[in-house]
Amino acid sequence: MAQSSTETDWVSRFADEVIAEAERRAPGKPVVVASGLSPSGPIHLGNLREVMTPHLVADEIRRRGREVRHLISWDDYDRYRKVPAGVPGIDESWAQHIGKPLTSVPAPAGSPYPNWAEHFKAAFVGALAEMGVEYDPISQTEQYTTGAYREQVLFAMKHRGDIDAVLDQYRTKQKPGGKKPQQKPVDAAELEAAEGSGAAAEDDGSTGEGGYFPYKPYCGACGKDFTKVTSYDDETTEMTYVCTEDEFTETVKLSEFNRGKLVWKVDWPMRWAFEGVVFEPSGVDHSSPGSSFQVGGQIVHIFGGEQPIGPMYAFVGISGMAKMSSSKGGVPTPADALKIMEPQLLRWLYARRRPNQSFKIAFDQEIQRLYDEWDKLEAKVADGSVLPADAAAHSRAVRTAAGELPRTPRPMPYRTLASVVDITAGHDEQTLRILSDLEPEKPLTSLDEVRPRLDRAENWITTQVPADQRTLVREEADVELLSSLDEEGRESLRLLLEGLDSHWSLDGLTTLVYGVPKVMAGLEPDAKPTPELKVAQRTFFALLYRLLVTRETGPRLPTLLLAVGADRVRKLLAV
């Protein structure tokens with residue numbers, strides 16, 4: 001369903017709040033919004049909401065002439081936690097790297113990228129470029145290993161007692177009798193959404209002989225984070241840690257040491273203060289009691305900053321991802337979606353729903369309905385009948401502050417394009433012939449006029465529609481079925497064949513196939529359908545499908561007839 005016209009445009013509302021908050025905090029300075037992503041595996045369409053929510057708000061602020069920075073923090077210095085299932089080019093031998101930073105783990109076999117993090121960042125970065133998302137990337141590996149956060153790390157260690165006191169309020173305490181408090185069950189979909197976000201590792205630090213420490217070194221021997229700080233001197237910054245993996249121990253000066261990071265629940269609020277972030281949404285995984293976003297709201301004050309404003313965003317579901325695609329690593333990515341839909345449609349799906357509303361992205365037949373809905377919206381925008389909230393969502397889908405996204409010059413219906421490439425098996429000459437016949441008064445002269453939409457529809461047919469649902473036109477007439485028809489069935493086919501030449505266009509054939517059962521019932525071709533007539537039409541359509549494509553359903557009959565061609569239709573239907 002489309003967004004309700006009575007709803008205010010959520011993007012504008014957030015932009016108003018963010019500008020006001022930015023002015024309160026730092027008048028005259030660029031507005032800072034942020035997203036955080038962990039390239040621990042394929043970065044999926046749920047994670048895209050982490051980027052699209054601030055992107056749309058930042059873009060609205062930019063449209064108003066304000067300077068704004070959208071930071072995307074790549075949490076590529078996070079630990080490698082597990083070997084993900086279904087990712088090509090890896091096997092269980094990658095388990096030996098668990099505990100290392102993502103930038104120190106080898107990329108899957110055959111990858112052109114130098115490490116695990118860069119491999120999984122690449123597809124997402126390409127998708128963002130296609131969608132017109134403007135941002136400033138920040139590599140956390142780079143920030144930590146170059147000492148950019150040195151002062152913040154030393155500050156956190158010095159104020160570890162204050163940090164520990166905040167965290168301690170949220171740590172799970174055992175009740176008398178040894179029972180832990182009941183935890184709210186987490187939905188499986190929400191857990192899926194958590195993948196690819198820093199919340200995946202909710203470690204809040206370690207306690208050694210010298211008390212609590214919010215810093216985690218990567219071991220100097222094995223490179224992993226199975227480490228525990230055992231002592232720290234605030235004056236000299238001398239820190240000793242031990243690795244439980246290989247019993248390696250080392251004493252270093254933290255003021256000169258760059259091989260480690262603050263634990264996540266401290267790292268995130270530190271960055272809010274460091275970057276001056278005003279707006280950052282958080283997923284369901286971050287927003288439960290005691291989670292990193294809640295705890296960070298208190299820890300950020302220790303660093304002299306304020307928590308960003310921003311909504312909790314809901315889960316993004318998928319309908320009908322074919323097994324052949326999902327085997328590439330579980331849930332589909334933005335790059336997967338952009339193979340079957342144009343960037344405008346994908347942007348619209350995120351723009352038209354408030355962040356706290358869940359929605360689904362269609363990889364099944366539903367994509368045709370979505371495209372129909374999109375084309376109706378475009379028509380309403382063109383004729384001025386569009387409602388304000390729908391107009392706002394459309395505008396955010398088709399353009400950014402930098403300009404209009406490239407679009408298909410002649411956007412023919414997606415379902416029609418899909419049907420045609422299904423029938424022609426992607427044969428360009430045949431496809432052009434059929435598409436030219438669709439609108440004889442303004443024939444198509446080149447397939448480039450319907451690209452990239454045509455290519456997306458072809459990709460959808462070839463990757464998402466199972467082979468047994470593809471359309472195969474008969475080579476020879478079904479003589480047995482034709483000879484078994486009664487006089488009524490034969491007459492209906494004769495009427496159809498007689499009208500082919502005079503109705504040879506998409507609109508004409510639509511009138512013809514719906515009109516034949518009307519004429520057979522003694523009505524005019526433009527008579528209004530009755531329940532009885534609808535039954536007769538369905539029976540007639542089923543007969544045509546069986547005679548043309550061996551099944552009782554298929555692409556829309558007018559499109560199918562055009563695709564098959566008049567001569568072949570006569571050959572298959574002649575009685």
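**Notes on the model**

1. Ile 361 touches Leu 45, Val 316, Gly 317, Ile 318, Ser 319, Met 341, Leu 346, Leu 349 and Tyr 350, leaving out residues up to four places away in sequence. Contact here means heavy atoms within 4.5 Å.

2. The model is predicted: local features need pLDDT of at least 70 and side-chain atom pairs pLDDT 80 or more, whereas totals for chains, interfaces and linings use all residues. Residues are numbered from 1 along each chain as its sequence is written, and side-chain values use heavy atoms, without hydrogens and water.

3. Ile 361 and Leu 346 have the most contacts inside the largest nonpolar core, which has 103 residues. Apart from that core lies another, of 28 residues, among them Ala 156, Met 157, Tyr 215 and Leu 254. A nonpolar core is a set of buried Ala, Val, Leu, Ile, Met, Phe, Trp, Tyr and Cys residues joined through side-chain atoms within 4.5 Å; buried means under 20% relative accessible area with a 1.4 Å probe, protein chains only.

4. Helices H21 (residues 531-549) and H22 (residues 557-564) pack with their axes 12 Å apart, at an angle of about 30°. H21 is therefore roughly parallel to H22 (angles under 35 degrees count as such). On the H21 side the contact is made by Phe 541, Leu 544, Tyr 545, Leu 548 and Val 549, and on the H22 side by Leu 557, Leu 560 and Leu 561.

5. Thr 103 is in the loop between strand S2 (68-74) and helix H3 (116-130). Its side chain and that of Thr 141 are joined by a polar contact of 2.9 Å (a pair of N or O atoms within 3.5 Å, one able to donate a hydrogen and the other to accept it).

Terms used: Helices (H or I, at least four residues) and strands (E, at least two) are DSSP runs, numbered from the N terminus. Buried means under 20% relative accessible area, exposed over 50%, partly exposed in between (1.4 Å probe, protein chains only). Axes are lines fitted to C-alpha atoms, for helices over the stretch in contact, and angles run from 0 to 180 degrees between N-to-C directions. Angles under 35 degrees count as roughly parallel, over 145 as roughly antiparallel, 65 to 115 as roughly perpendicular and the rest as oblique.
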